[in-house]
Amino acid sequence: MQEITIHTVSEYVERLSDINRGRRAVYRGQRRDRSLLPKIARLTTYLPILQAEREMLEVFKLRSLPLLEQHPDNDWDWLTIMQHHGLATRLLDWSLNPLAALWFCVCKPPAENESGVVWLFYPDANDYAVPSKQADPTSISRVYLLRGKLVASRIQAQFGWFTVHYFNLEQEKFVALENDSSYASRLVKIIIPSNAFAHIRFQLDRLEVNSATLFPDLDGLCANIEWAFSSLADEELQDIPKKSFPTPNN
């Protein structure tokens, strides 16, 4: 698995051009360098994990119906909605947009001065899920790449895709993508040092990659306005240019 380190947006784009060369890829930004595991793999459940997963899915189907404008067609779509609203699933978020992934890495100050990472994954033709042919996402025996239905504007804004992870019955656990030999050779880890977060955050904002554009709703707009008129902890320690935000008076 290849690893590279970048310090600026321009360096990031240049290195991607060198290593990608037009190949189809998806990207995932992480504030901490943690394994590529879905949320459900980190959940402590009092039931066996697969039973808990199935029961959470069924409870969500029953209780969410009055709150949904459209009813999903299959369990793949149900998982997409659950993932979008924060319920633990076997889905892991990725993006077709490498700048969006970089923003998710640096949008907050680094955790305990840890480096962040952007993962690059090259899917092949067999990696794509076909919900019409694979009825049950909870019984898969390999990782698939899923383009979920656009259940929210932010999925479209973020060019969102998902990896759908399988449960290894022999090991009795979900296996991290980077630890699976079938996928590790198609991963690239891009490391972002903690002292580069603030500058990259500012550079991305100047390219209109920020919470307002990636979360095109009132929550994203409010987060962007608040950031524009304040300083995060790592910004106070560095010579970050003054932010600007258009107002009726300027």
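Let's start inside. The count comes to 1 cavity of 30 Å³ or more. This is a predicted model, so keep that in mind throughout. The largest cavity holds about 40 Å³ of space.

Who lines this cavity? The residues are Ile40, Glu53, Met56, Leu57, Leu79, Met82, Ala88, Thr89 and Thr138. Two elements give two or more residues to that lining: helix H2, residues 49-64, and helix H3, residues 75-84. H2 has the largest share, with 3 residues. By type, the lining of the largest cavity divides into 6 nonpolar, 2 polar and 1 charged.

Now step back to the whole protein. There are 250 residues, and 48% of them are buried. The secondary structure comes to 10 helices and 9 strands. Along its principal axes, the C-alpha trace spans about 55 × 45 × 35 Å.

Next, the pocket. The largest pocket holds about 1000 Å³ of space. Its lining has 31 residues. Nearest the centre are Arg28, Gly29, Gln83, Asp93 and Phe104. Several elements give two or more residues to this lining: strand E2 (26-30), H3, strand E3 (91-95), H4, helix H5 (153-157) and strand E6 (160-164). Which element gives the most? E3 does, with 5 residues. As for residue types, the pocket lining splits into 13 nonpolar, 9 polar and 9 charged.

Let's take some of those elements in turn. Strand E2 first. Is E2 enclosed or open? 5 of its 5 residues are buried, so E2 is largely enclosed by the rest of the structure. Look at both of its faces. Val26, Arg28 and Gln30 are on one side, Tyr27 and Gly29 are on the other, and all are buried. E2 has a partner, strand E4, residues 116-121. The two pair in the antiparallel sense over 5 bridges. Find arginine 28 on your screen. Arginine 28 stands opposite tryptophan 119 in E4. Arg28 is also one of the residues nearest the centre of the largest pocket.

On to E6. E6 is mostly covered, with 5 of its 5 residues buried. One side carries Gly160, Phe162 and Val164. The other carries Trp161 and Thr163. Both faces are covered.

Which strands pair with E6? E3 is one of them, antiparallel, over 5 bridges. Here aspartate 93 stands opposite phenylalanine 162. Asp93 is another of the residues nearest the pocket centre. Strand E5, residues 144-146, also runs antiparallel to E6 and is joined to it by 3 bridges. In that pairing, leucine 145 stands opposite threonine 163.

Last stop, helix H4, residues 98-106. Its buried residues are Ala100, Ala101, Leu102, Trp103, Cys105 and Val106. A quick reminder about helices. An α-helix has 3.6 residues a turn, so residues three or four places apart point the same way. Now go to the start of H4. A side-chain oxygen of asparagine 97 reaches to within 2.9 Å of the backbone nitrogen of leucine 99.

To recap. The largest cavity takes its largest share of lining from H2. The largest pocket takes the most from E3.

How values were computed: Residues are numbered from 1 along each chain as its sequence is written. This is a predicted model: local features need pLDDT of at least 70, side-chain atom pairs count only at pLDDT 80 or more; totals for chains, interfaces and linings use all residues. Side-chain values use heavy atoms; hydrogens and water are left out. Buried means under 20% relative accessible area, exposed over 50%, partly exposed in between (1.4 Å probe, protein chains only). Helices (H or I, at least four residues) and strands (E, at least two) are DSSP runs, numbered from the N terminus. A polar contact is a pair of N or O atoms within 3.5 Å; within protein, one must be able to donate a hydrogen and the other to accept it, and residues adjacent in sequence count only if both atoms are side-chain atoms. On a 1 Å grid over the protein atoms alone, a cavity is a set of points where a 1.4 Å probe fits but cannot get out, and a pocket is an open set with protein on both sides within 12 Å along at least five of seven lines; lining residues have an atom within 4 Å of a point. Grid points are joined across faces, edges and corners, and a volume is the space filled by probe spheres set on the points. Ala, Val, Leu, Ile, Met, Phe, Trp, Tyr, Cys and Pro count as nonpolar, Asp, Glu, Lys and Arg as charged, and the others, Gly among them, as polar. Two strands pair if DSSP finds at least two bridges between them.
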